[in-house]
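Biologist: I would like to learn how to read a model like this one. Can we go through it feature by feature?

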Amino acid sequence: MQSTLMLTVMRYRPEQEAEPTFQTFEVPYRKDWVVLDALNHIKDNLDGSLSYRWSCRMGVCGSCGMMVNGEPKLTCAAFLSENLPGPIRVEPLRYFPIVRDLVVELSDFLRKLKKVKPWIIREEEKPLSEGEYSQTPEQMELYKQFSMCINCMLCYAACPVYGLEPSFIGPAAIALAQRYNKDNRDQGAEERLEICSEHDGIWQCTFVGECTKACPKGVDPAGAIQQYKLVGAMAWFKSWLLPWGER
Amino acid sequence: MNASAQYTLYHPKWYRRHVSVWWWLKTWSYTKFVLRELTSVSVAYFAVVALWQVRSLACCAEAYTRFLRLMESPFFLAINLIALIFVLFHALTWFHLAPRAMVFRLGSRRLPDKLVVGMNYIAWIVLSALIAWIMLRG
Amino acid sequence: MPKTKTPFLWTLFSVGGTIAALLYPVHMLLQGLAIPLGWVAPPGYDTLVSLVRHPLARLYLFVFIAFPLFHGAHRFRYTLYDGLKLKHLTTLIAVLCYGSALIGTILAAYTLWSL
């Protein structure tokens, strides 16, 4: 039964080095510890200069995503016991620029989230006197899965298309678009389809499926994207066969 | 590796990791994906063989016999075997990916993925049996 | 919407992939292995020609050849683009892939029409 574990952590301090390096730490091994606990131990006891993001430590905030032994994981959900005997390699989330140590630059992702117009779009708002919009449980089932996203970006770290083509809008953004497209209160599906059918939208996806594998919340972004492609293809044919239609 | 650090106080230098052209060898998942995509080559190969077969049929009995002889050569037997394995890989992965792209609903409930996959396999077996019967009854 | 051709190409890819998945294994097994190896008796030349001349058979064969050609072209194009990072050659690759699929389709149509 080992009592300690080695953690090999990527360091990048732009003020003192031009390229990232690795630093190895010896941390206690506890059966119930996750990688985040080990990182916190390092920061508290071994090297206070280590920089990383974390918050809820229970898998709902999406802050602590990192590469653990080459796989995108939430460090608060990656148990040390699953990675015995070590050493465990911890790197910043793949395919994102590194700001410092394990902290990555997020603005590209945030911009893409906003780009798909992730809000209820109505042609006309119902006046207050008509009461609230209602939704049956069956109607909620249609989009509920896609609403579980915690914006942790593990799917972007898993997606090779995003790695090769950083302009790709990405799995989480498209799943988010679908969350609103399938909401019965929303009337913006056409608008979002325009946006998502652009060159770097849904058609860049080659259904690798790694995003769904990496997702800690079971959102299945790959499925969302393929369903969206079907919708997009049908809309394309409709616009050719019935050009004087809905427009 | 020991280049001087480029850091200015108000514009920190982000480090962008380079994505190697061998990215698809880094994990088994990625490699499996590229193998899956390469099945497209064997699908296209067999389409061409089918076209070739039809053209030799259209020409004359001699051309068709020549085609059959070529298919019996060890070279083509080997290629056909490899292509068949790849096409099978394509078929299996296709059946398992299909339910993710097409969601069927019965009333308000989504048909479970396993059911759709099962239906794909059944269609596959039925069609294959039908074709074999048509081609072999003489 | 109609400005981009990608949805159309994706549809060809999907139809071709389904045809290839459902029909190619049995045909490949028969025509690529079982008949050449003598496991089963091949249909005679005359039987086969009369079978193939039937209009439904011609349609079947056209669909059998044309759609999977585009499936292969589409998938291979993206594999080259992503797998080998050939972004700068994207137009050339697209023309080669879809162009050869188109040539194959036209050839199939001509052959099957004039059987």
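Biologist: Start with a strand pair. Which residue of strand 4 of chain A is the bridge partner of M66(A)?
Modeller: Strands of a sheet pair through backbone hydrogen bonds, either parallel or antiparallel. Here M66(A) has K73(A) of strand 4 of chain A as its bridge partner. Keep in mind that this is a predicted model.

Biologist: How many bridges join strand 3 of chain A to strand 4 of chain A, and in which sense do the strands run?
Modeller: There are 4 bridges, and the two strands run antiparallel. They form a hairpin with 2 residues between the strands. In that hairpin, N69(A) takes a positive phi near 50 degrees.

Biologist: What is the strand order in the open sheet of chain A?
Modeller: The order is 2-1-5-3-4, over 5 strands, and the pairing is mixed. Strand 2 (21-28) and strand 4 of chain A stand at the edges. Each has a single partner strand, so one side of each lacks a neighbour in the sheet. On average, neighbouring strands of this sheet are turned by 35 degrees against each other, direction ignored.

Biologist: How does strand 3 of chain A pair with strand 5 of chain A?
Modeller: The pairing is antiparallel, over 2 bridges. V68(A) stands opposite V90(A) of strand 5 of chain A.

Biologist: Which strands does helix 1 of chain A touch?
Modeller: Helix 1 (residues 35-46) of chain A packs on the sheet and touches strand 1 (4-11), strand 2, strand 3 and strand 5 of chain A. The direction of helix 1 of chain A makes about 95 degrees with that of strand 2 of chain A.

Biologist: Now the backbone. Where are the cis peptide bonds around P85(A) and P87(A)?
Modeller: Most residues other than glycine have a negative phi, and most peptide bonds are trans. A cis bond joins L84(A) and P85(A), with omega about -10 degrees. Another cis bond runs from G86(A) to P87(A), with omega near 0 degrees. P85(A) lies in the loop between strand 4 and strand 5 of chain A. P87(A) is found in the loop between strand 4 and strand 5 of chain A as well.

Biologist: What is the phi of D101(A)?
Modeller: It is positive, about 45 degrees, although D101(A) is not a glycine. D101(A) sits in the loop between strand 6 (98-100) and strand 7 (103-104) of chain A.

Biologist: What are the domains of chain A?
Modeller: The assignment gives domain 1 (4-104) and domain 2 (107-241). Taken over C-alpha atoms, 30 Å separate the centres of domain 1 and domain 2 of chain A. The contact takes 12 residues from domain 1 and 12 residues from domain 2 of chain A. Strand 3 (65-68) and strand 4 (71-74) of chain A each supply at least two residues of the domain 1 side. By class, that side has 8 nonpolar, 3 polar and 1 charged.

Biologist: On to helix packing. At what angle do helix 1 of chain B and helix 4 of chain C cross?
Modeller: Two packed helices are described by the angle between their axes and the distance between the axes. The axes of helix 1 (residues 28-59) of chain B and helix 4 (residues 90-113) of chain C cross at roughly 25 degrees and come within 10 Å. Helix 1 of chain B and helix 4 of chain C are therefore roughly parallel to each other. Their crossing is left-handed. Among the residues that meet are L51(B) and V54(B) from helix 1 of chain B, and L107(C) and A108(C) from helix 4 of chain C.

Biologist: How far apart are the axes of helix 1 of chain B and helix 3 of chain C?
Modeller: They are 8 Å apart, at an angle of about 145 degrees. This crossing is left-handed. The contact includes V41(B) and A44(B) of helix 1 of chain B, and F64(C) and F76(C) of helix 3 of chain C. By class it has 16 nonpolar, 5 polar and 2 charged residues.

Biologist: How many residues does the contact take from chain B and from chain C?
Modeller: It takes 43 residues from chain B and 43 residues from chain C. Helix 1 of chain B gives the largest share of the chain B side, 17 residues. That side has 34 nonpolar, 6 polar and 3 charged residues.

Biologist: How many residues of chain C are in contact with chain A?
Modeller: 11 residues of chain C contact 13 residues of chain A. Helix 1 of chain C brings the largest share of the chain C side, 5 residues.

Note on methods:
Residues numbered from 1 in each chain as written. Chains lettered and ligands numbered in written order. Predicted model: local features only at pLDDT ≥ 70, side-chain atom pairs only at ≥ 80, totals over all residues. Domains from an automatic or database assignment. Contact = placed C-beta atoms within 7 Å. Nonpolar A, V, L, I, M, F, W, Y, C, P; charged D, E, K, R; others polar. Pairing = 2+ DSSP bridges. Axes fitted to C-alpha atoms, helices over the stretch in contact; angles between N-to-C directions. Parallel < 35°, antiparallel > 145°, perpendicular 65-115°, else oblique. Left-handed = near helix turned anticlockwise from the far one by under 90°.
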